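Subject: Structure for your files

Hello,

Here is the structure we spoke about. My notes on it follow below.

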Amino acid sequence: MAQKDCPQCDGTGWKPIEVNGIRRVAPCDCQNLERSALLLKQARIPPRYEHCEFEEFSLRRIPGTDQENPSLERAKFTAKRFVEEYPTDFGLLFVGPTGVGKTHLAVAILRELILRKGVEGLFYDFHDLLKTIRDSYNPGTQNTELGVLQPVLDAEVLLLDELAGSNPSDWVKETLHHIINWRYNYKKVTIITTTLLSRDASGRRGGRQPSGEDIPDLDYTLNQLGVTLRSRLYEMCKLVEMNSDDFRKAVKQPGNKFREE
Ligand SMILES: [Zn+2]
């Protein structure tokens, strides 16, 4: 649909151009603009995040130094490269503590894919998604479980924000398995953010080392959702670690590579 008052095409959706001296018409940009606006709206990015862009992402400095945080620099680089190379056959899994900007980068990717590549994307906070599905079981609601789930299963790119595994019920695990396996089988790209849980040396959640230090643990975090699901996520997504302390944990990922990587 063209914009009615477009000065370039007078609302026809076609603008006059000249190619090698011959006058022709071409699709007007206003058609794209409108499609982008519609796609953005359908992506359901919450107002809090709708202005997240790469340029505004802060490479917070390492406390006590004047250096930028290399893990955040790498994460931003990976995010931008992902947009450049899309369509890819893998998604991204952003992991790190609260407040490093996982959602910011993930939303920036989704927005760029929509605006630059016309991708049909969908944002869902994991907790909200579960609640919406649960609510759909109530008699008297307009929503059906399938009505809620189908767009999540089918979205060209799904951004699942704050995937959390703190004591998930069997129902939560099953629901997540269904979504992730479906998207895996249909080769759909999923971008996930998850906040790392910490544990102490004896494996207690939320525990600290005797030194008082937190040990954020990726495997431990994802294992809460089940070992099978953890492996599947590693298979589907390139891991992007964001940490203010620049800790690194080797996760072998034979696939999920950019070109020439
Ligand atoms: Zn126009």
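**What was found**

Please keep in mind that this is a predicted model.

Cys-6 is buried, at 6% relative accessibility. Cys-28 is buried as well, at 1%.

**Second largest pocket**

The volume of the second largest pocket is about 260 Å³. Its lining consists of 15 residues, and those nearest the centre are Asp-89, Phe-90, Tyr-184, Lys-187 and Met-236. Helix H6 (170-185), strand E6 (189-195) and helix H8 (227-236) each give two or more residues to this lining. Sorted by class, the lining has six charged, five nonpolar and four polar residues.

**Salt bridges**

The count comes to nine salt bridges. Three of them are described here.

- Lys-80 and Glu-55 meet through their side chains at 4.0 Å, N to O. This pair links distant parts of the chain, 25 residues apart: Lys-80 is in helix H2 (residues 70-85) and Glu-55 in the loop between H1 and H2. Lys-80 is partly exposed at 34% relative accessibility, whereas Glu-55 is exposed, with a relative accessible area of 57%.
- Arg-116 and Glu-84 form a salt bridge at 3.2 Å, N to O. Here too distant parts of the chain are linked, with Arg-116 in helix H3 (residues 102-117) and Glu-84 in helix H2, 32 residues apart. Both count as partly exposed, Arg-116 at 46% relative accessibility and Glu-84 at 47%. These two residues also belong to a network of salt bridges that takes in Glu-112.
- Asp-135 and Lys-131 meet at 2.9 Å, N to O. Both lie in helix H4 (residues 126-135), four residues apart, which is about one turn of the helix. Asp-135 is partly exposed at 33% relative accessibility, and Lys-131 is partly exposed with a relative accessible area of 45%.

Regards

Methods:
Residues are numbered from 1 along each chain as its sequence is written. This is a predicted model: local features need pLDDT of at least 70, side-chain atom pairs count only at pLDDT 80 or more; totals for chains, interfaces and linings use all residues. Side-chain values use heavy atoms; hydrogens and water are left out. Buried means under 20% relative accessible area, exposed over 50%, partly exposed in between (1.4 Å probe, protein chains only). On a 1 Å grid over the protein atoms alone, a cavity is a set of points where a 1.4 Å probe fits but cannot get out, and a pocket is an open set with protein on both sides within 12 Å along at least five of seven lines; lining residues have an atom within 4 Å of a point. Grid points are joined across faces, edges and corners, and a volume is the space filled by probe spheres set on the points. Ala, Val, Leu, Ile, Met, Phe, Trp, Tyr, Cys and Pro count as nonpolar, Asp, Glu, Lys and Arg as charged, and the others, Gly among them, as polar.
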